[in-house]
Amino acid sequence: WYNYPYQALTTDLYYYYIVQLGFYCSLMFSQFTDIKRKDFLIMFIHHLAAIGLISFSYVNNMMRVGSLVLCLHDSSDSFLEAAKLANYAKYQRICDSLFFLFGFVFVAT
């Protein structure tokens, strides 16, 4: 928190924030053209909350903490996506193992 709120914004952090914001916006809008799933409303609210939190941390110059939160949550996403793929391919044991791994990494981080 040294020198907050006058912390310098690096170019790398700025682009990381813009890419993350664009990613969540694209996920939110692509839901309307994708196959309707039973978690549509929950995911829509999740994407709105993510966009709101990213925007709020940017406006309040809390990008250092925001980037840490984004990195921690992104570290578990690959396991969740792999579990979804295993579920669609009907590999239930692999799906369960990957989802357990996702849960462990999500809670641990």
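Which residue's side chain meets that of Arg-37 in a salt bridge? The partner is Asp-34, at 3.9 Å from N to O, where a salt bridge is a side-chain nitrogen of Lys or Arg within 4 Å of a carboxyl oxygen of Asp or Glu. The model is predicted, so that local features need pLDDT of at least 70 and side-chain atom pairs count only at pLDDT 80 or more, whereas totals for chains, interfaces and linings use all residues. Residues are numbered from 1 along each chain as its sequence is written, and side-chain values use heavy atoms, with hydrogens and water left out.

Arg-37 is partly exposed, with a relative accessible area of 39%, and Asp-34 is likewise partly exposed at 40% (buried means under 20% relative accessible area, exposed over 50%, partly exposed in between, with a 1.4 Å probe and protein chains only). Two salt bridges are found in the whole structure, and Glu-81 and Lys-84 also form one, at 4.0 Å from N to O.

Helix 1 (residues 11–30) and helix 2 have axes that come within 9 Å and cross at roughly 160 degrees (axes are lines fitted to C-alpha atoms, for helices over the stretch in contact, and angles run from 0 to 180 degrees between N-to-C directions; helices, H or I of at least four residues, are DSSP runs numbered from the N terminus). Ile-54, placed in helix 2 (residues 40–59), is buried, with a relative accessible area of 6%. Leaving aside neighbours within four places in sequence, Ile-54 is in contact (heavy atoms within 4.5 Å) with Tyr-17, Gln-20, Leu-21, Tyr-24 and Leu-70.

Definitions and conventions
Helix = DSSP H or I, 4+ residues; strand = E, 2+ residues; numbered from the N terminus.
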